[in-house]
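Please examine the sequence and the structure shown below before reading on. The account that follows is meant to be read alongside them.

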Amino acid sequence: MPDWLVKNQPYSPPPDKDQFINKSILSILRILSKLKSQSGYQMDKFQVNAALKVAFTFLLVILLSLSTSYTFILVVDVYLLVVLSLMEGKEIVKILSVSLAMAIFTFMILLPNVVLGNTYTSMMITLKVLSTLIAVNILSHSTRWHSITSALRRFGVPNIFILVLDITIKYISMLGDFSLNMLYSLKLRSVGRNNNKYASMAGISGTMFIKSKEMAEDMYAAMECRGFTGEYTVHNKWKWSMADLLYILKTVAIITAFLYWGRI
Amino acid sequence: MIDLKEVSYSYEGTIALKNINLHIEKGEAVALLGANGTGKSTLLKLLNGLLSPNQGVYRFNHQEITPKKLKDPIFSKKFHQKIGFVFQNSDTQLFCPDVYDEIAFGPRQMGMNESEVAKRVNDCLDLLGIQSFKHRQPYHLSGGEKRKVAIACVLALNPEVLILDEPMNGLDPRTQRWLVDFLATLNQAGKTVITSTHNLDLVQELSKRAILFDESHGIAADLPTETLLEKIDLLKRVNLVDESYPFH
């Protein structure tokens, strides 16, 4: 046992700027917590089939883009706010903050247009952006990503594309966990001044690359062992429920509103 | 040295630790036992300051460890130098181009000159018996070799406390035996060693004191290891062993 190891280490760390490790840890934690919240019980709580939700959101985005009626957009906004109010407080804050930030950004870009007198058009575009973002965010927060990718099968998206999407989501989570632990390790071992911070980050990136390559190879080998020959079938069990019927009725109401106010 | 009072922690509403009261003296060797998901790894992260308790107090060397204090870079670095953490997956701990640089990472940061760094790295390489691959890339090493390099990296900082998260996982019996002996040597040299493990065959040699976690994420027993291992009903109740234990 070397002498230095049995003695206490008198040590005073020199000052250094290393906020980047903490910031990187926080940003990965945010992504991971978002992915983990996807497995929560609250997801799919309205019990509406994901394919219907995806189709309706797509349709709503198209109707919002086509509409020239201020009333229709306000009606859609009211509907979206009602749906939003049924969600959890944290989700409401997340959805509204993202959507409002983008809407404000759009409005600022359109500000010269407002100054020139085109207030109505500018407000319309801003409201359309806000409504579209709220609708898409509601879909993303109330439906599991796996359900969304499976629903894509209904719209003719090739199975292999769905497989790639599913695996991507899985790998973001797994490699995210791995990179988080690497950053934790870097943080714990960064006990002094590091003049080559970016070299450490490059080392982490390199290790991540090797790890992801190994994981991909292992997964392909495991898939082959389980009989994978390049064909991937997504199984969708469609079961009608009362919630689905109500959802369709609501969709019909929105289309009717579009046609009715579209004429005005 | 380490003092936890009524510490609780939860991940977004999921309880991971509940009302933990724990005191560990300097120079002790302690094993954390428990079924998967009982909170052992969370406790180790908490002891390292990677997580902060939602409730309760964590004191290290009579100083309360709070998120606010850990935000102070000087305090945080001093604290992390005193507590070394060996991760369960050694891959996550190794990010330098070769083993020498990997072990030298900490001492260089501590402001040592290159000759001091070289001495410390070589001492660590000798201590762990890994001198032969000091210029190899860490990601090309075997699981046992990576674990030795990870331990060397942490030892190079000369921490007062060494925390190991399931260090026996993925190691062959010979390397497991070597690791147990090595940790005992470090403990005899005055280091505080805290280990989480599932290995009931080696735990008695690893530590004199064992802390058992139950599925309610609390401490079910804090006893001398020998006594705890005799309480077979308790081990069964916390789902650490099944009916076939003790194995014959």
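The model discussed here is a predicted one. Chain B is built from 10 helices and 10 strands. Along the principal axes, its C-alpha atoms occupy a box of roughly 55 × 50 × 30 Å. The radius of gyration of chain B is 18 Å, which agrees with the value near 18 Å that a compact globule of 248 residues would have. Of the 248 residues in chain B, 45% are buried. The contacts in chain B can also be described by separation in sequence: among those between residues at least 6 apart, 65% join residues at least 24 apart.

Within chain B, attention may turn to an open sheet. Four strands make up this sheet in the order E2-E1-E4-E5 (chain B), and their pairing is antiparallel. Its edges are formed by strand E2 (14-24) and strand E5 (63-64) of chain B, each of which pairs on one side only. As background, the strands of a sheet pair through backbone hydrogen bonds, either parallel or antiparallel.

The sheet can be followed strand by strand along its order. Seven bridges connect E1(B) with E2(B), and these two strands run antiparallel. One residue pair in this part of the sheet is B:Leu4 with its bridge partner B:Leu22 in E2(B). E1(B) and E2(B) form a hairpin with two residues between the strands, and there B:Glu12 adopts a positive phi near 40 degrees. Strand E1 (residues 2-11) of chain B is also joined by five bridges to strand E4 (residues 55-60) of chain B, again in an antiparallel arrangement. Here B:Ile2 has B:Phe60 in E4(B) as its bridge partner, while B:Lys5 stands opposite B:Val57 in E4(B). B:Arg59 stands opposite B:Glu64 in E5(B). E4(B) and E5(B) also form a hairpin with two residues between them, and in its turn B:Asn61 has a positive phi of about 50 degrees.

Positive phi values deserve a separate remark. Most residues other than glycine have a negative phi. B:Glu6, a residue other than glycine, has a positive phi near 50 degrees. This residue, B:Glu6, lies in strand E1 of chain B. Is B:Glu6 buried or exposed? B:Glu6 is exposed, because 12 other C-beta atoms lie within 10 Å and a residue counts as exposed at 12 or fewer. B:Asn158 likewise has a positive phi near 50 degrees and is not glycine. B:Asn158 is located in the loop between helix H6 (143-155) and strand E7 (161-165) of chain B. With 23 other C-beta atoms within 10 Å, B:Asn158 is buried, the limit for burial being 20 or more.

Helix H3 (residues 50-66) of chain A comprises 17 residues and spans 24 Å from its first C-alpha to its last, close to the 24 Å expected at 1.5 Å a residue. The buried residues in H3(A) are A:Ala50, A:Lys53, A:Val54, A:Leu60 and A:Leu64. Viewed down the axis of H3(A), these buried residues fall within an arc of 125 degrees, so they line one face of the helix. On the face of H3(A) turned away from the buried side are the exposed residues A:Ile62 and A:Leu66.

The last topic is the contact between the two chains. Chain A contributes 33 residues to this contact and chain B contributes 36 residues. On the side of chain A that touches chain B, the elements giving two or more residues are helix H1 (3-6), helix H9 (159-189) and helix H10 (197-225) of chain A. Which element gives the largest share of this side of chain A? The largest share, eight residues, comes from H9(A). By class, the side of chain A that touches chain B consists of 17 nonpolar, 11 polar and five charged residues.

Definitions and conventions
Residues numbered from 1 in each chain as written. Chains lettered and ligands numbered in written order. Predicted model: local features only at pLDDT ≥ 70, side-chain atom pairs only at ≥ 80, totals over all residues. Contact = placed C-beta atoms within 7 Å. Nonpolar A, V, L, I, M, F, W, Y, C, P; charged D, E, K, R; others polar. Expected span 1.5 Å × (residues − 1). Arc of directions from axis to C-beta. Rg over C-alpha atoms; globule rule 2.2 N^0.38 Å. Pairing = 2+ DSSP bridges.
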